[in-house]
Amino acid sequence: MYYRIRNLCGLLGMILPWLALFSAGIADHPNDQWWWSISATYYLSPALVGVLVPSSIVLISYIGYDDYDAWITSLSGIFGLCIVLFPCKVSWIPEGTPVGFFQIPIQISHIIHTCSAALFFLLISINSLLLFTKHGAVQTPQKKIRNIIYKVCGWGMIGLLIVFVTLHLIGVPKFFVMIIEILLLSLFGLSWLVKGGAFPFLNDKEDDENDVNVLIER
């Protein structure tokens, strides 16, 4: 059951940017900035809502190994929902326009949206770094490889968040946001797919698992 949930989260994260770009790409475009971020496709396509809402619900309802695990994933899901409930601002909608589920001014919604997205990926990276890497008394060779992937994904997401803030401060073209979002979601998806056992060559072999159980019992 847990494996299916993790694989579902990972798969949804992987397909979100491409589904959002494709579905928004075939819609009527208000200007040529529609593709500058995945969040902007909210106004052109139902893909962001259709993928992020079920992903967030899965995270909220996910039961972890302990309370700390459950809190991290549940908070991740709550902030994921906030990304949808509070849309970002876009160039073709005037400031002051009510948007989102709560119909608040777009500039206020944008602040909540940005903070929610940052906290979502920060919590997901913490999950990958501190929770997915937990292990018993003995690690199999496959577990060691998986832990390396979890750490690369976790630190990669944190690094991308820092890059995002830096690029925003120095004023580079805003379409870089889309590239960073694609990379963030790809790392998120990879981490959860590995945790869900989607790649058989990374999973513990039955003999290794038996050896680990014997050693733990001793």
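Which residues of α5 are buried? I began with this question, and because the model is predicted, I treat each entry as a reading of a prediction.

**Entry on helix α5**

I went along α5 and found these buried residues: Q142, K143, R146, N147, I149, Y150, C153, G154, M157, I158, L160 and L161. I then checked the length of helix α5, which covers residues 141-170: at 1.5 Å a residue its 30 residues should span 44 Å, and its end C-alpha atoms are 43 Å apart, so the two values agree. Just after α5 I noted G171, which takes a positive phi of about 75°.

**Entry on the whole protein**

I looked up the secondary structure and read seven helices and two strands, which run α-α-α-β-β-α-α-α-α from the N terminus on. The C-alpha trace spans about 65 × 30 × 30 Å along its principal axes. For 218 residues a compact globule would have a radius of gyration near 17 Å, and I read 19 Å for the protein, which agrees. Of the 218 residues, 43% are buried. I also looked at contacts with a separation of 6 or more, and found that residues 24 or more positions apart account for 66% of them.

**Entry on the salt bridge**

How many salt bridges does the count come to? I found one, in which the side chains of R146 and D204 meet at 3.2 Å, N to O. This pair links distant parts of the chain, since R146 sits in helix α5 while D204 belongs to the loop between α6 and α7 (206-217), 58 residues apart. I looked up both partners: R146 counts as buried because its relative accessibility is 10%, under the 20% cut-off, whereas D204 is partly exposed, with a relative accessible area of 24%.

**Entry on K195**

I next turned to K195, which lies in helix α6 (residues 176-195). Side chains of opposite charge can pair when their charged atoms come close. K195 is buried yet has no salt bridge, and I read 7.3 Å to D69, the nearest side chain of opposite charge.

**Entry on aromatic rings**

I searched the whole structure for aromatic pairs and found ten. One of them is formed by F199 and F201, a tilted pair with 6.3 Å centre to centre and 55° between the planes. F199 is partly exposed, with a relative accessible area of 26%, whereas F201 counts as exposed because its relative accessibility of 65% is over 50%. I also noted one aromatic cluster, which is formed by F120, F121, F132, Y150, F188 and W192.

**Entry on I38**

Is I38 buried or exposed? I found that I38 is buried, because its relative accessible area is 4%, although I38 is found in the loop between α1 (2-25) and α2 (47-61). Not counting residues up to four places away in sequence, I38 touches P17, A20, L48, M178, E181, I182 and L185. I also looked up K174, which is 136 residues from I38 along the chain, and read 12 Å between their C-alpha atoms.

Technical notes
Residues numbered from 1 in each chain as written. Predicted model: local features only at pLDDT ≥ 70, side-chain atom pairs only at ≥ 80, totals over all residues. Heavy atoms only, no water. Helix = DSSP H or I, 4+ residues; strand = E, 2+ residues; numbered from the N terminus. Buried < 20%, exposed > 50% of the residue type's maximum accessible area, 1.4 Å probe, protein only. Lys, Arg positive; Asp, Glu negative; His and termini not counted. Salt bridge = Lys/Arg side-chain N within 4 Å of Asp/Glu carboxyl O. Expected span 1.5 Å × (residues − 1). Phe/Tyr/Trp six-rings, centres within 6.5 Å; stacked < 30°, edge-to-face > 60°. Rg over C-alpha atoms; globule rule 2.2 N^0.38 Å. Contact = heavy atoms within 4.5 Å.
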